[in-house]
Amino acid sequence: MTGQTPALRLEGIVKTFPGVRALDGVSFSVMPGEVHALMGENGAGKSTLMKVLGGIYQPDAGQILIEEAPTVMASPLEAKAKGVVFIHQELSLADELSVAENVYLGELPRKSFGRVDWDRLYADTERILDRLKVGFTPQTLVGDLSIANKQMVEIARALTVDAKAVIFDEPTASLTDAEKDVLFEVIADLKARNVGIIYISHRMEEIFRITDRVSVLRDGQHTGTAITADTNEEAVTQMMIGRKLDLSRNVAHHELGDVALEVRNLSCGHLYKDVSFKIRRGEVVGFYGLVGAGRTEIAETLFGLRDPSAGQILLDGQALRITSPTDAIERGISLVPEDRKGQGLVLGMNCRDNMTLPQVDDLKAGPFVAEGAEVAIFDQYRDRLDIRTPGWKQLVGNLSGGNQQKIVIGKWLSMHPNVLIVDEPTRGIDVGSKSEIHNLIRDLAAQGYAVIVISSEMPEVLHVADRIYALFQGRITREFTSEDVTEDSLVRAISGLADNGGAQVA
Ligand SMILES: Nc1ncnc2c1ncn2[C@@H]1O[C@H](COP(=O)(O)OP(=O)(O)OP(=O)(O)O)[C@@H](O)[C@H]1O
Ligand SMILES: [Mg+2]
């Protein structure tokens, strides 16, 4: 790579926000045809650096060079025109428009008299969608797509220009394995066309699978760059958090209590069928399966968001109907949802109020909410979860992606539920905080809570769960205890394949 001109280079970039020095003189470059990983803890400055590059923020100091020529990115459209395309961590699509209109937003092809050339728009979009092998059409309404498919629309948008560099900010967080493979093919294709790729992810296996170099940010500073083939997970983690992590397995050493929640032959249309399981106080149960296996839908039923079509839910041995989330919360069931943006947070509200939102009624002292009590709750969970923010007054929309996630987890923990359901609890969370959240889940179980962890990450369920239910196409295919589980039998169980080990669920 020496002697070559970087496709893109950042030099001494500084960016501050009130109370935060997000970037403190960061330099970084990407070569043509290189996949360069950008890693770092939640709040380290990765997205901010990319927003500077993509014309969303103006730096306080430093410069951007395209093929060594200094340049200014005054706006996202200007950045795109200069060949820098940004695929965001937060989706930025218009739900009420079609896929094609989103892909060419702001740049719709026009005929004379300025009328939109729909034929061309749909044909051009079709060509890009073919490259991505997606199952929807240019005419599909974006609001009707799953999160994963919306992500594909974002990617399609990036493929409309002749890019010099493409930035992917945690693109795989909500993709299935098959969709991830398609994404990696797209990246390989861009690489072959000599495009420079900047790839942000917290997932080590992806970093080691597809990247050529890794750069690490820590507290707004660049702490190092390594050639991926010459380094390893441990070294990268150390660069990120400045210490080694204990990743040993973590299984219950406390007594289990009574059955807190039991589900008998629960079905919900075609989403899941004949699901039965139990969870005791003090136990962590993992629901492991591929995206789309029905895990989230089961959780939503327990939280009163979906009506089951058959079967029973028993709480402390009592059969009951849960008709709404308010009902669920009153009965001590909490859900940390998968789609935190949509269901978990109010971005325009501050950190403290987001965290105490479901408890406002309980915290009321007469007609007023007891401010001190709210701040105390916020402080407690900020410390416990290591939430990085200058203070409780910060708007949640200004926090980094991973820190937003921690706010949602804190919100539901602070309610002290009997049954806590967490759906993909560490999606978008850095390795250090991930193990903190896992320890926290274990602590909650030790205190007598029943915890359900829904995850598509095998190391996560293996690490935290006492028992694991494997799901495949809306059914529980197997049940494992932490003693009898093996990686191989888990993979088989979530793919609908038979196996000899483990207990077969009748
Ligand atoms: N618009 C903003 N206003 C105020 N502070 C901000 C703003 N954008 C980012 N920050 C702060 O800058 C710091 C860096 O945030 P950034 O989003 O770049 O982190 P990140 O490395 O992308 O983290 P994650 O892995 O969680 O996505 C954080 O402390 C964040 O709260
Ligand atoms: Mg980010």
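Biologist: Which residues does the domain assignment give to domain 2 of the chain?

Modeller: The model is a predicted one. Its domain assignment gives domain 1 as 8–241 and domain 3 as 340–416. Domain 2 is written as two segments, 257–332 + 419–506.

Biologist: How many residues of domain 3 are in contact with domain 2?

Modeller: The centres of the two domains, taken over C-alpha atoms, are 26 Å apart. Contact here means heavy atoms within 4.5 Å. On that cut-off domain 2 contributes 19 residues, and the number from domain 3 is 13.

Biologist: How many residue pairs are in polar contact between domain 2 and domain 3?

Modeller: Salt bridges across this interface number zero by the rule. That rule asks for a side-chain nitrogen of Lys or Arg within 4 Å of a carboxyl oxygen of Asp or Glu. For polar contacts, with both residues at pLDDT 80 or more, the count is two residue pairs.

Biologist: Which element gives the most residues to the side of domain 2 that touches domain 3?

Modeller: The elements giving two or more residues to that side are strand S19 (419–423) and helix H16 (431–446). By class, the side holds nine nonpolar, four polar and six charged residues. With six residues, the element that gives the most is H16.

Conventions: Residues numbered from 1 in each chain as written. Chains lettered and ligands numbered in written order. Predicted model: local features only at pLDDT ≥ 70, side-chain atom pairs only at ≥ 80, totals over all residues. Heavy atoms only, no water. Domains from an automatic or database assignment. Polar contact = N/O pair within 3.5 Å; in protein donor to acceptor, adjacent residues only side chain to side chain. Helix = DSSP H or I, 4+ residues; strand = E, 2+ residues; numbered from the N terminus. Nonpolar A, V, L, I, M, F, W, Y, C, P; charged D, E, K, R; others polar.
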